Each structure stands twice: as structure tokens, then as C-alpha cells.
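Work through the exercises below with the structure in view. Try each task before reading its solution.

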Amino acid sequence: MPIIAIGLSHHTSPVEVREKFAFAESEIPAALEELRRRGLVSEGVIVSTCNRMELYAVSESADRKALEGIRNYVASTRGCADLVNGEMYVYSEPQSLEHLFKVACGMDSMLLGETEILGQLKRAYEIALQNKHTGGRLNKAFQRAFNVAKHIRTSTNIQRGSVSVASAAVELAEKIFSNLDQHHVMVIGAGETSEKTARALLSRGARSVIVSNRSHDRAVALAEELGGRAVSFENWACEFQNIDIVISSTSAPHYLLDRARVEPMMKARRNRPLLLIDIAVPRDIDPEVNFIESVYLYNIDDLKAIADNYMKQRQEELVKCEGYIREKAQALLEGFAAPVSFEPKLAGA
């Protein structure tokens with residue numbers, strides 16, 4: 001009885017489609033129970049995240065009719081029978097196992113090498129296991145997937161380094177300030193990228209955030225979301241004495257900060273280090289500012305170059321990882337041919 005994988009992800013479907021296929025945790029046991037009651041699968045695990053919905057299952061057959069039956073059932077439970085063709089992919093062995101291993105390792109994620117998916121996969125497995133919807137084949141497959149992910153995380157560089165503008169900014173901040181616990185952030189302009197960057201800095205321990213925007217209501221709304229405070233756009237410069245990191249992303253047609261304006265601010269700050277992250281296009285900050293002592297200015301191209309460099313390193317690791325995954329998938333299939341006693345355990349055990 002082969003292991004199959006049926007689903008859709010950010011690779012195949014926009015968020016407008018993915019959200020229709022999402023399962024709440026409370027829905028998953030009943031869905032798996034119904035799949036088994038109908039005889040479509042004998043074991044099953046449903047993984048539902050913002051970027052994917054996938055069913056890993058053991059089926060009596062992997063022929064086209066059986067796979068279509070499973071796929072049609074999953075789509076119909078979501079009220080999306082008309083979206084089956086072209087949206088949902090189907091894998092049988094060994095591709096299903098290789099796909100599971102890649103997902104666990106973050107190799108199929110929107111951000112290559114991210115680690116959040118491993119915890120989500122473990123949770124999905126726990127739900128199925130606790131509700132007795134897994135058996136020998138899926139128990140072995142998921143435990144092997146977790147082991148493969150651990151090996152790849154510790155033995156390759158695929159999960160190391162920045163992969164986005166926000167994470168590149170955090171990396172720069174931590175190089176300049178060592179840690180962010182006592183440092184304060186200002187966001188000038190409440191755009192999406194500046195918001196993500198501020199959130200990333202706060203997640204790494206930044207002490208507080210101030211938001212300023214031409215629309216004060218938007219500044220207030222974002223400040224509340226970030227647990228900070230808003231200041232009027234006319235008065236943001238008054239806060240410079242107390243802040244350490246500035247994220248600027250406005251649509252101003254001219255520089256908001258130039259050397260003549262920043263130099264006296266630095267004197268008032270007693271030349272404490274100041275990180276300026278200019279992600280506006282056109283730029284908000286005059287490049288000449290970078291020549292002021294203790295001022296560190298990075299624009300959007302600088303951050304992308306950092307992120308791209310790490311992404312290139314990760315891409316180079318893919319060949320190594322894929323070879324390891326194929327090897328482990330084949331070994332698991334050979335193990336299925338000669339079954340041995342296997343005691344399932346929770347993913348966190």
C-alpha cells in the first residue's frame with residue numbers, strides 16, 4: 001500500500017485559493033475519519049498552513065481512479081470541487097516521500113530553509129496520531145522526515161543566514177549593537193516592508209518602537225499593532241536623541257535626512273551608534289550621511305544584496321540536500337519491503 005501526497009501550496013495556488021482549502025485543527029480528525037470510513041485511505045495526516053494544504057495518506061491503490069477519488073473528496077469538503085484540476089498536485093512513491101522530506105526541511109517553503117514548517121508538520125502528525133489515524137507506514141515516514149530535517153538543519157547551510165529584507169536588517173542591527181534589548185526603533189512611513197522590518201527587530205528583542213507617518217491615523221494603527229507609540233510626522237526628528245534604529249520608507253520626492261540635518265542630531269546623541277535603514281524608492285536619506293561618524297546607512301539594494309547572497313548559498317546547498325533526501329526515501333521504501341516492529345511516538349517526544 002503506497003504513501004501518497006495530495007495538496008496545493010504557494011507554488012501552485014494564490015492565497016485566494018489556499019484559504020478556501022484551509023482546515024482548522026478541530027476539523028482535521030473528522031475529515032480523516034471520513035476519508036477512512038469511505039475506504040479512500042487507511043492512514044492519513046492533514047497539514048494545513050497559510051502556504052499549503054496537504055494530505056499524506058496510505059491508500060490501497062495509487063491508480064488514477066483512486067487518486068482522483070481522494071482528491072475530489074478533499075476538494076468537495078472545502079466547497080471547491082471546481083478548483084481541483086490544475087490546482088492540486090498528486091505524488092506517489094517515491095516522490096511522495098521525497099516531497100514530505102523536502103517540506104520538513106523547509107526546501108519547499110516560500111522562504112527557502114525556514115524552520116516554522118517543521119513545527120507545523122509535527123503538530124499535524126500529532127493530531128493524526130492522537131486520533132489513531134496513522135499506522136506503521138505513516139509513523140515511519142514522518143519520524144524519518146523529522147530525522148532528515150534535523151540532519152539537514154545541522155549539517156548544511158540551507159537554514160542559515162538572512163533570506164529577506166527584514167531579516168537582513170535584523171542581522172545588520174545585531175552586528176552593530178550585539179543585542180537589541182536596550183535599543184529603540186523608529187519607523188518613518190508605515191509601508192508593508194517597514195512594518196515587517198520593525199516586527200523582525202521587535203521579535204529579536206528591540207525595546208520599543210515609535211511610528212510616524214503622513215497619515216497620523218495609520219501611524220496610530222500600526223503603533224498599536226506593534227505595541228509602540230505614534231508621533232506626528234512634523235515632530236519625528238525630535239525623537240532622534242533617544243532612538244537607535246530608523247526604518248524609513250516614505251514616498252517623499254526629496255531626502256528627509258541629509259548630512260546637514262543629521263550631524264547636529266548626532267552631537268545631541270553624543271555620537272551613539274545610529275543605524276539608518278532606507279527602504280524607500282526614491283531614497284529618503286542622502287548617501288552622504290554615511291560619512292558621519294557612528295552612522296550606519298543601508299538602502300534597499302544593500303539589504304537585498306545581503307539577502308541574495310545568503311539565498312545563493314542556500315541554493316548551492318540544495319543539490320547536497322536533495323541527494324540525501326533521495327537516499328533516505330529509497331532506504332525507507334526498502335524498509336517497508338521488510339517490515340520490522342515500530343513503536344510510534346509523538347513528534348515532540
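**Exercise 1: The edge of a sheet**

Isoleucine 210 has arginine 229 of β7 standing opposite. The model used here is predicted.

Task: Find which strand is joined to β7, by how many bridges, and in which sense. Then give the order of strands in the sheet.

Solution. Step 1: β7 is joined to strand β6 (residues 208-213) by four bridges, and the two run parallel. Step 2: six strands make up an open sheet with parallel pairing, in the order β7-β6-β5-β8-β9-β10. Step 3: β7 (229-232) and β10 (295-299) are the edge strands, each pairing on one side only. Step 4: from one strand to the next, the twist averages 20 degrees.

**Exercise 2: Helices on the sheet**

Task: State which strands helix α7 lies across and which strands helix α8 touches.

Solution. Step 1: helix α7 (residues 165-177) lies across β8 (245-248), β9 (274-278) and β10, and runs at about 165 degrees to β9. Step 2: helix α8 (residues 192-203) packs on the sheet and touches β5 (184-188), β6 and β8. The direction of α8 makes about 160 degrees with that of β8.

**Exercise 3: Nonpolar cores**

Task: Name the residues with the most contacts inside the largest nonpolar core.

Solution. Step 1: this core has 61 residues, and Met107, Phe142 and Ile152 have the most contacts inside it. Step 2: apart from neighbours within four places in sequence, phenylalanine 142 is in contact with Val45, Tyr56, Leu100, Leu121 and Tyr125. Step 3: a second, separate core has 29 residues, including Leu172, Phe177, Val185 and Leu275.

**Exercise 4: Cysteines**

Task: State how many disulfides are counted, and whether cysteine 105 is buried or exposed.

Solution. Step 1: a disulfide needs two cysteine sulfur atoms within 2.5 Å. The count is zero disulfides. Cysteine 105 is in none, as the nearest cysteine sulfur, that of cysteine 321, is 6.7 Å away. Step 2: cysteine 105 has a relative accessible area of 0%, so it is buried. Step 3: cysteine 238, at 61% relative accessibility, counts as exposed.

**Exercise 5: Backbone exceptions**

Task: Locate the cis peptide bond and the loops that hold asparagine 271 and serine 294.

Solution. Step 1: most residues other than glycine have a negative phi, and most peptide bonds are trans. Step 2: the bond from glutamate 93 to proline 94 is cis, with omega near 0 degrees; proline 94 sits in the loop between β4 and α4 (95-105). Step 3: asparagine 271 has a positive phi near 60 degrees and lies in the loop between α10 (259-268) and β9. Step 4: serine 294 has a positive phi near 70 degrees and is found in the loop between β9 and β10.

How values were computed: Residues numbered from 1 in each chain as written. Predicted model: local features only at pLDDT ≥ 70, side-chain atom pairs only at ≥ 80, totals over all residues. Heavy atoms only, no water. Buried < 20%, exposed > 50% of the residue type's maximum accessible area, 1.4 Å probe, protein only. Pairing = 2+ DSSP bridges. Axes fitted to C-alpha atoms, helices over the stretch in contact; angles between N-to-C directions. Contact = heavy atoms within 4.5 Å. Core = buried A, V, L, I, M, F, W, Y, C linked by side-chain atoms within 4.5 Å.
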